[in-house]
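Below is a colleague's note on a single model, written for someone who will have the coordinates open alongside. Please read the points in order.

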Amino acid sequence: ICDPPGEAEPSCLLWFPANPRHVQEHHPTPSLRACLGCSRSGKTGGKNKNKQPTPQPLQPLLLLLLQVPKSFAARQPVLPHRSSHERENCAHPAPPGSGHHLRPGLRAADQGTSSWHLPAPAPRARGPGGRPQPGLCRSDTRGAGAGGAVPAGPVSYTHLDVYKRQSDASRAKPSDNCIASVDVQLPAKAEVLRFLDAGGDRPPREALAVLYFGDQADPNVTEYVVGPLPVPTYHRDVTVQKYGGKVPYHRRPVTGVEYVAISALIQYELRKAPRFLAACCASDGTDLAVLTTAPRGFKSGDRSSWFVVFHAVAGSGYYVLPVGLEVLVEHGELDISLWYLSQVFYNGRYFSSTAKLEADFLAGLLDVIRVEKPQDATVMGSMRPRRPPGTPGPLQYEPQGPRYSVRDNRVTFQGWSIAFGMNPNTGPRLFDIRYRRERIIYELSLQEALALYGSNCPGGMSTRYLDGSFGIGRFAYELVRGVDCPYTATYVDRHYLAESDVPRTNQNSLCVFEHDAALPLRRHFSDMQSLYYGGLRKSVLVIRAVSTLINYDYVWDFMFHSNGAVEVRVHATGYISSSFFHGQGINYGNKVGPHTLGTMHLHHIHYKVDLDIDGQLNSLEAQDMSYEHLRAPWNNQKTIERPFLRRERLERENKAAFPLEDPLPRYLSFTGPKLNRWGHARSYRLQVVSFPGKHLPDSSPMERAVSWGR
């Protein structure tokens, strides 16, 4: 929720046709010299296993951002900008590029150093007659592949050289400067609509660069907008404009390098309690996994995190194998060598250090509950099949191929037209949604996912994950055909650049398919007056991505029905997050294993829906039902309770902000300025089917960070 808007999607700047003949015929000008992570949008078969694109330095990415041909860019939809009022109460106004999840064996990537200097494109190789050769990508372009490009020739846009002492983001320490991310800066909605609907000028293409300045007197996070693309002539610092002041350095997410350092620190400290570890966990500490919690303390400026220790068993979810040990790491200093463990928790008791824990154990002052290391065959949380698979279930079949089409990042289906994308931080987002050529939704996007836990262990009781700070779109990985999506679905790659000097490609990480709802859209069998039957099958277009955020897998569905209805749905699967069962743990969840407490928790999912019904002059109307008591007109001796419709136009936005636990009106409708043939305002009804419960008490100092949960 607190990350800058942006759209790291190939349709804006990173997409490039996989067919080189298409490039040659439709884009003959040699203004695009490099191709990074060529996206594809098509059917994937058993033999279509594309290789990951060859990582190239940051310079080719910036070259690509700044060298998109105008003829190519003109075919791409322009996507809007998120309004500034959504950021008023952010606890973590962190830029893109938030931290990795901490897992055993996490290592920082070993890449080259970053630079703002942009290498100039070399002329394309020419064949006989001087015609350009089509091979823009290093990798094979005969199929729907992905590849990396090698730019050649040195020129630079010197205005982008905003600082000298910089490091590769994948290796940068907190005390370094680095380019945390490069993304697309989306234009304002007003500019986009002037262009799309009123014949106005095309909004300039711009890029958003997020920089971490750790190596200076006043460490901070700074954001620059660079433009216009493809040939930039300016850059501007937009940090104060967006956040009302400088962004303090402590608000940056924990990076992969920092997680590696924290893991090494915990391993070092665990070696100070060898006999305790052998007694409690049958371990020497090297085969244990640690899991981060969030937020990083009690107030803004803290960087103090509890890490929960688990048994690590390959091929299983260690999240359900706690050993009872948790450590509090102080990691606020820029110098990693100054980080330390301030507290240790075990089985209901707190200690000042692992050495103190060991001393109390040796003195017989500590009750130890031995948790044996699980064996592969019996480990709880394993997803290995326990029995041979049965007969195959039913499969979806398209007798004449798909009835939808995907071109670039736009899908069309039975009157629907949708532009889709993926933000690395906030996840799936859709724009310019039209039904029968009329725009009904300007933006429909996921904004944030909150997971809040309760426990009698410090890690569990303090956890309030804001998954956008980890990267909802960034961790949307490849989908498995036939399980995550139907075999016949269309699979699309997604690209991002965060915490690295090379772009990353999550292959097949978004799918599009038509789904038979197994329910008639309408039907009637008449056995009165005359015999007849009428019915219509109900089918739905689904755009899906699945984000793996530590233990949880969120399935994000955006569904478009043939009657014009739009549905948004999320499924949570994966593993529960757990605590060590001790004391009165039953008050905070349910026991799900010998020493495992499945902790109580809640999920709040925040979406943005910008409806434009017959334009932007929309009103919100509430309709509810009441009863009136009257005498029956045909019999004055009797009374009747007659329901009637009560309508109210909500004139101000604060009247439309319904508190979470208050009853909603029976009907909420967004109405347009035009009337239909029956004299009613054309409208869309909003239905909220959700029972999340109270997110946080209003008195909580953190509540303002998730005030949308009210």
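1. The model is predicted. Its protein chain contains 30 strands and 11 helices. Of the 710 residues in the protein chain, 51% are buried.

2. Contacts and surface. Among the contacts in the protein chain with a separation of 6 or more, 65% are between residues 24 or more positions apart.

3. Disulfide count. Searching the whole structure gives 2 disulfides. A disulfide is a covalent bond between the sulfur atoms of two cysteines. The two cases are taken one at a time in the next points.

4. Cys280 and Cys281. These residues form a disulfide with their sulfur atoms 2.3 Å apart. The cut-off for calling a disulfide is 2.5 Å between the sulfur atoms, so the pair at 2.3 Å qualifies. The torsion about the S-S bond is -65°, and the link of Cys280 and Cys281 is left-handed. Cys280 has 0% relative accessibility and counts as buried; Cys281 also has 0% and counts as buried.

5. Cys485 and Cys511. A disulfide joins this pair, with an S to S distance of 2.1 Å. The link connects distant parts of the chain, 26 residues apart: Cys485 lies in the loop between β17 (464–466) and β18 (490–496), while Cys511 belongs to strand β19 (residues 504–528). The disulfide of Cys485 and Cys511 is left-handed because the torsion about its S-S bond is about -75°. Why does Cys485 count as buried? Its relative accessible area is 3%, and the buried class takes in values under 20%. Cys511 is buried too, at 0% relative accessibility.

6. Two further cysteines. Cys178 has a relative accessible area of 6%, so it is buried. Cys457 has 0% relative accessibility and is likewise counted as buried.

7. Salt bridges in general. How many salt bridges does a search of the whole structure find? The search returns 31. Side chains of opposite charge can pair when their charged atoms come close.

8. Arg429 and Glu443. Their side chains form a salt bridge with an N to O distance of 3.3 Å. The partners sit 14 residues apart in distant parts of the chain, Arg429 in strand β15 (residues 427–435) and Glu443 in strand β16 (residues 438–453). Both Arg429 and Glu443 are buried.

9. Arg666 and Asp624. The side chains of this pair meet in a salt bridge at 3.6 Å, N to O. It links distant parts of the chain, 42 residues apart: Arg666 is in the loop between α11 (653–656) and β29 (667–675), and Asp624 is in strand β27 (residues 619–632). Arg666 is partly exposed, because its relative accessibility is 44%.

10. Lys694 and Asp698. A salt bridge brings these side chains together at 3.1 Å, N to O. Lys694 is partly exposed at a relative accessible area of 35%, whereas Asp698, at 55%, is exposed.

11. A salt-bridge network. Which residues make up the network of salt bridges? They are Asp197, Arg410, Asp432, Arg434 and Arg439.

12. Thr596. This residue is placed in strand β25 (residues 596–599). Is Thr596 buried or exposed? At 4% relative accessibility, it counts as buried. The side chain of Thr596 reaches the backbone oxygen of Val320 at 3.0 Å. Not counting residues up to four places away in sequence, Thr596 touches Val320, Pro322, Met380, Ser578, Ser579, Phe581, Asn590 and Lys591.

13. Ala476. This residue is located in the loop between β17 and β18. Ala476 has a relative accessible area of 1%, so it is buried. With neighbours within four places in sequence left aside, Ala476 is in contact with Met422, Asn506, Ser509, Val546 and Ser547. Ala476 and Tyr554 are 78 residues apart in sequence, and their C-alpha atoms are 9.1 Å apart in space.

Notes
Residues are numbered from 1 along each chain as its sequence is written. This is a predicted model: local features need pLDDT of at least 70, side-chain atom pairs count only at pLDDT 80 or more; totals for chains, interfaces and linings use all residues. Side-chain values use heavy atoms; hydrogens and water are left out. Helices (H or I, at least four residues) and strands (E, at least two) are DSSP runs, numbered from the N terminus. Buried means under 20% relative accessible area, exposed over 50%, partly exposed in between (1.4 Å probe, protein chains only). Contact means heavy atoms within 4.5 Å. A salt bridge is a side-chain nitrogen of Lys or Arg within 4 Å of a carboxyl oxygen of Asp or Glu. A polar contact is a pair of N or O atoms within 3.5 Å; within protein, one must be able to donate a hydrogen and the other to accept it, and residues adjacent in sequence count only if both atoms are side-chain atoms.
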